[in-house]
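Hi,

Here is the structure I promised to pass on. Have a look at it first, and then read on for what turned up.

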Amino acid sequence: MKVTFLGHAVVLIEGKKNIIIDPFISGNPVCPVKLEGLPKIDYILVTHGHGDHLGDAVEIAKKNDATVISNYEICHYLGKKGVKTHAMHIGGSYLFDFGRVKMTPAVHGSGILDGDSMIYGGNPSGFLITIEGKKIYHAGDTGLTREMELLGEENVDVAFLPIGGNFVMDVEDAVRATAMIKPKKVVPMHYGTWELIFADVELFKKKVEEKGVECVILEPGESLEL
């Protein structure tokens, strides 16, 4: 199974089924691929409704006949656009044909900008994905939260955590989150896309590795094999 970071919070998982999380491809200044460069996508996971996470979900879903997995409100919004969806909510889990997905809490917003209007986008979330015997945690956009301590019991293989500050955890809080989650590996995300969310990724790596967790810094387009 190959897990590729495509910049910002976009994660592509390629295995028996291909899954993309928070598919912000068009308009993403650090994404190294265009929509036509993606493999066939079977599932799209969306953590919340902001444009830099909902991204190109509609176009990708329609092109690939893919299913979007997200909260009920986002799925309702996408369903009205002709997209196939599977609605969930925080604390819920479901066994799909590729593995199990559990929605986890995130502390953030989720409004969907539709023209000049902001539509209620339900609760933001993260995803704990169990696939091919491995556990991948994608935190979505979130601040530090005590609920992350529960993930310490999950034996997470790799955690994707935001570190860019301002809208999400900064480096210091992401280090604390890593200590709570206790993953085998941590990959920083949601930093450096724009100047507003610049972060010292080498400092993050140093601090988490002092706590005994391997930090893998992936440049956009680079992959991990799990």
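Let's start with Asp 97, which is exposed, with a relative accessible area of 53%. Keep in mind that this is a predicted model. Asp 97 forms a salt bridge with Lys 17, and their closest N and O atoms are 3.7 Å apart. The two sit 80 residues apart: Asp 97 is in the loop between strands S7 and S8, while Lys 17 is in the loop between strands S2 and S3. Lys 17 counts as partly exposed, at 27% relative accessibility.

Why do such pairs turn up? Side chains of opposite charge can pair when their charged atoms come close.

- Glu 154 and Lys 135 meet through their side chains at 2.7 Å, N to O. Glu 154 is in the loop between helix H4 and strand S13 and Lys 135 is in strand S12, so the pair ties together parts 19 residues apart in sequence. Glu 154 is partly exposed, at 21%.
- Lys 184 pairs with Asp 157, with the closest N and O atoms 3.3 Å apart. Lys 184 is partly exposed at 41%, whereas Asp 157 is buried at 11%.

Is Thr 193 buried or exposed? Its relative accessibility is 7%, so Thr 193 counts as buried. The Thr 193 side chain makes a polar contact with the side chain of His 8, at 2.6 Å. Leaving aside residues up to four places away in sequence, Thr 193 also touches Asn 28, Pro 29 and Val 30.

Cheers

How values were computed. Residues numbered from 1 in each chain as written. Predicted model: local features only at pLDDT ≥ 70, side-chain atom pairs only at ≥ 80, totals over all residues. Heavy atoms only, no water. Buried < 20%, exposed > 50% of the residue type's maximum accessible area, 1.4 Å probe, protein only. Polar contact = N/O pair within 3.5 Å; in protein donor to acceptor, adjacent residues only side chain to side chain. Contact = heavy atoms within 4.5 Å. Salt bridge = Lys/Arg side-chain N within 4 Å of Asp/Glu carboxyl O. Helix = DSSP H or I, 4+ residues; strand = E, 2+ residues; numbered from the N terminus.
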